[in-house]
Amino acid sequence: MTNGHDDIEELLAGYVLRSLSGDDAAEADRVLTEHVPTCASCRAALDAFQSVAGELALDAPRMNPPETLAVRLRRELEPRGRSGGRWSTGRIVAVAASVVLVVGVGGIALTRGNGGLAKGQLARADLQDVTKAAVAPGATTQQLGHATEVVAPAPEKIYLFGADVPMPAPGMVYRLWAVSGTQPLYIGDFLPNDDGTVILEITLPAASVGSLFVTTEPAGSVPTTPGPRAWTSQDAA
Amino acid sequence: MREGDREDLELHRRLAAGDRGGFDELYHRYAGPAYGLAYRVTGQQILAQDVVHDAFLALWRAPEAYDPARGPFRTFFLALVHHRAVDLVRRESRLKARSERAANLEPLVGEDPAEAVAEESYLGVRRKEVREALVGLPPEQRQVLEMAYFGGKTQVQIADELRIPLGTVKTRTFAAMRKLRAALEDTA
């Protein structure tokens, strides 16, 4: 466990370089969620080191990418607000399969490293279970920003699944809420895994989970009132 | 704030509003630095293209991920490219055999020969300042920093490779980052 600001800043220096592993990566997770949000000095150090990490990129010689890259990108830009479009059950299964393939090749667990943080009534889920739920009779899917809510009726399961989910800004987490009656109900905080996937189970009865939305909040903050909605189910195409 | 940073901010605002023109201009500015970085980390052009593609697409899909209060757009976006490149290197076991050339400081095949001319802009000025700050580091600090940043290695891997204690790697990395922070803040 780290002691004092110098130890924490040393950890943050390794964190922004993406060079931590094992216990150090776990300790960075803890510091980023428990200490940094409440410490102005460490937040300033984190922002400053993040800036250095961005500036270091300029030491690499500039290279022009092939023209085809710009063409490919322009073709794939969706109109704003569609956020990748609605995910069909088939697409979930297909992406789940491709994620499994990547994990298989790389030999890396989905929930390792700096991602995958889940607090509250959220639990890390198994990808195969999400796939099984998505194809179960009576299962429904609902787009939620960068992710998809998968609800299977029997046995009742609710999952949140996404790929290519961007990391929130340093020191921030995604916060999942349900609208239950007129009051927002806090469900939990999460971060994408290192590979951009989100694979979570909502451990609440479906009846108490109305529509969902996600806000971006300082890590470790008390979930009293939700901030502006970053993802809503209205994002669905 | 530098003029170039202000322009980036406006382009990002346009992109966030769904203006493809804003996206195109940011692409024009940052595709070259992003591709150069991604190639240096991954060592393969096809993977570097994937990294840059994914980073720009993520920017389009989630512009709110950039918070102007936390620094210039430039550092946010290039840090995003770096993270994706390092993550890809770690996932792709076939990269174990990647060219050593990509990790050294020599000019690379495909480097834009017009860099010095084309980058008379603020980005070119900043590139010069970054290189001067790096040259000012003690060699042993610069070595661990480059192995981590451009080599995509963890601190444990660096300690193994250099046969030095992990604590020494951490200390050198921290000292290097603090010196760079001071040097680059002075010139910001």
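# Notebook: salt bridges, interface and cysteines

I searched the whole structure and found 27 salt bridges over all chains. I counted a salt bridge where a side-chain nitrogen of Lys or Arg is within 4 Å of a carboxyl oxygen of Asp or Glu. The model is predicted, so I note that local features need pLDDT of at least 70, side-chain atom pairs count only at pLDDT 80 or more, and totals for chains, interfaces and linings use all residues. Residues are numbered from 1 along each chain as its sequence is written, chains are lettered from A and ligands numbered from 1 in the order in which they are written, and side-chain values use heavy atoms, with hydrogens and water left out.

**Entry 1: chain B as a whole**

I looked up the helices and strands, which are DSSP runs numbered from the N terminus (helices: H or I, at least four residues; strands: E, at least two). Chain B has nine helices and zero strands. Of its 188 residues, 53% are buried. For burial I used relative accessible area with a 1.4 Å probe and protein chains only: buried is under 20%, exposed is over 50%, and partly exposed is in between. I then looked at contacts, meaning heavy atoms within 4.5 Å. Among contacts in chain B between residues at least 6 apart in sequence, 65% join residues at least 24 apart.

**Entry 2: salt bridges within helices of chain B**

I started with helix H1 of chain B. Glu3(B) and Arg6(B) form a salt bridge at 3.3 Å, N to O. They are three residues apart in H1, which means a separation of about one helical turn. Glu3(B) is partly exposed at 46% relative accessibility, and Arg6(B) is partly exposed at 42%.

Further along, Glu10(B) and Arg13(B) form a salt bridge, with their closest N and O atoms 2.7 Å apart. These two are also three residues apart in helix H1 of chain B, about one helical turn. I noted Glu10(B) as partly exposed at 36% and Arg13(B) as partly exposed at 49%.

Lys128(B) is exposed, with 55% relative accessible area, whereas Glu132(B) is partly exposed at 47%.

**Entry 3: a network and Glu129(B)**

Which residues are linked in a network of salt bridges with Glu129(B)? I found Glu55(A), Asp5(B), Arg74(B) and Arg126(B). Glu129(B) lies in helix H6 of chain B and counts as buried at 17% relative accessibility. Leaving aside neighbours within four places in sequence, I found Glu129(B) in contact with Arg2(B), Leu184(B) and Thr187(B).

**Entry 4: where chain B meets chain A**

I counted 76 residues of chain B in contact with 60 residues of chain A. The size of an interface is often given as the accessible area lost when the parts come together. Here the buried area is about 6,600 Å², of which carbon and sulfur atoms give 58%. That value is the accessible area (1.4 Å probe) that two parts lose on being put together, summed over both.

Across this interface I found ten salt bridges. One of them joins the side chains of Arg178(B) and Asp6(A), at 3.8 Å, N to O. On the side of chain B that touches chain A, H2(B) gives the most, with 14 residues. I sorted the residues of that side into 36 nonpolar, 15 polar and 25 charged. In this sorting, Ala, Val, Leu, Ile, Met, Phe, Trp, Tyr, Cys and Pro are nonpolar, Asp, Glu, Lys and Arg are charged, and the others, Gly among them, are polar.

**Entry 5: cysteines of chain A**

How many disulfides does a search of the whole structure find over all chains? I found zero. The cut-off for a disulfide is a pair of cysteine sulfur atoms within 2.5 Å. The sulfur of Cys39(A) is 3.6 Å from that of Cys42(A), the closest cysteine sulfur, and so is too far for a bond. Cys39(A) is buried at 8% relative accessible area, and Cys42(A) is buried at 0%.

**Entry 6: positive phi**

Most residues other than glycine have a negative phi. I noted Arg18(A), with a positive phi near 65°, in the loop between helix H1 and helix H2 of chain A. Arg18(A) is buried at 9%. Arg163(B) has a positive phi near 55° and is found in the loop between H8 and H9 of chain B. Is Arg163(B) buried or exposed? I found Arg163(B) exposed, with a relative accessible area of 77%.
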